Amino acid sequence: MQTNATFTSLVAVGDSFTEGMSDRLPDGTYRGWADLLAARMAAQTPGFRYANLAVRGKLIGQIVAEQVDAAVAMQPDVITLVGGLNDTLRPKVDMVRVRGLLEEAVERLAPACKQLVLMRSPGRQGPVMERFRPRMEELFVCIDDLAVRHGALVVDLYGARSLGDPRMWDVDRLHLTAEGHRRVAEAVWQALGHAAEDAEWGTPMPPTAPPGWVARRTADARFARQYLLPWIGRRLTGRSSGDGRAPKRPELLPYEEYKGSVE
């Protein structure tokens with residue numbers, strides 16, 4: 001990838017990770033790494049255009065059916081695709097189908113842009129992560145292979161120790177904090193050939209004393225009540241947090257038209 005690369009447009013495709021949860025703005029909307037990245041790119045390129053088609057809860061099949069054609073039609077300079085992780089978190093998953101759908105998405109997106117960006121998604125350290133790690137790593141092997149075959153970039157967030165730190169994750173234990181999203185934006189920024197603004201984005205935060213037993217149990221109870229039980233309920237009833245929700249930036253428009261919601 002050339003250094004000081006200049007791109008004039010960006011389309012982000014994916015699920016809640018790319019929508020920006022849990023980087024919440026004062027008005028209750030979500031910002032996230034893709035919005036932060038777009039802000040940086042717009043600052044150096046007049047007329048820069050941006051769209052974010054990602055919607056929380058989407059499986060890779062839904063991303064292919066609902067977002068890929070729209071992204072292809074926009075013909076942007078850069079497309080980011082992060083998908084499939086929600087599939088790996090299901091109690092049962094057909095990984096052959098997931099890999100096939102991801103391959104379909106890449107085959108359609110890569111020719112439609114100057115640079116396709118894929119990611120090895122970050123994972124929060126802990127027992128839940130260990131349960132799903134084999135599926136995630138199978139997905140990442142597929143991503144690496146597709147990148148080689150189609151000339152895509154792979155941003156390795158999974159290998160970044162800083163993003164495994166539980167302090168980088170919101171209380172729902174599924175989504176990054178604002179600081180986590182900032183580091184992801186920096187990682188993609190550098191992968192696209194731009195000079196580092198934070199060369200240490202992957203460096204772990206300084207250690208702190210772990211919370212006590214009571215604090216941990218209180219946090220566990222809050223997590224189960226507010227997030228885990230509703231998540232299980234949606235799985236049992238076939239519902240998703242993204243049902244009926246439209247993308248937050250469905251059109252490829254000049255960045256200034258979104259400026260108020262991404263700063």
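**Close-up 1. The lining of the largest cavity.** L81, V82, G83, L85, L102, L118, M119, S121, L139, F140 and I143 sit around the largest cavity, each with an atom within 4 Å of a cavity point. On a 1 Å grid over the protein atoms alone, a cavity is a set of points where a 1.4 Å probe fits but cannot get out. Two or more of the lining residues come from each of β3 (78-82), β4 (115-120) and α6 (127-150), and α6 gives the largest share, with 3 residues. Helices (H or I, at least four residues) and strands (E, at least two) are DSSP runs, numbered from the N terminus.

This is a predicted model, so to speak: local features need pLDDT of at least 70, side-chain atom pairs count only at pLDDT 80 or more, and totals for chains, interfaces and linings use all residues. Residues are numbered from 1 along each chain as its sequence is written, and side-chain values use heavy atoms, with hydrogens and water left out.

**Close-up 2. What the cavity is like.** A search of the whole structure turns up 1 cavity of 30 Å³ or more. The largest cavity has a volume of about 60 Å³, counted as the space filled by probe spheres set on grid points joined across faces, edges and corners. Its lining splits into 9 nonpolar, 2 polar and no charged residues. Here Ala, Val, Leu, Ile, Met, Phe, Trp, Tyr, Cys and Pro are nonpolar, Asp, Glu, Lys and Arg charged, and the others, Gly among them, polar.

**Close-up 3. Helix α3 beside helix α5.** α3 (residues 60-74) and α5 (residues 95-109) pack at about 5°, with axes 10 Å apart, so they're roughly parallel (an angle under 35 degrees). Axes are lines fitted to C-alpha atoms over the stretch in contact, and angles run from 0 to 180 degrees between N-to-C directions. Contacts (heavy atoms within 4.5 Å) involve V64 and V68 among others in α3, and L101 and A105 among others in α5.

Definitions and conventions. Angles under 35 degrees count as roughly parallel, over 145 as roughly antiparallel, 65 to 115 as roughly perpendicular and the rest as oblique. On a 1 Å grid over the protein atoms alone, a cavity is a set of points where a 1.4 Å probe fits but cannot get out, and a pocket is an open set with protein on both sides within 12 Å along at least five of seven lines; lining residues have an atom within 4 Å of a point.
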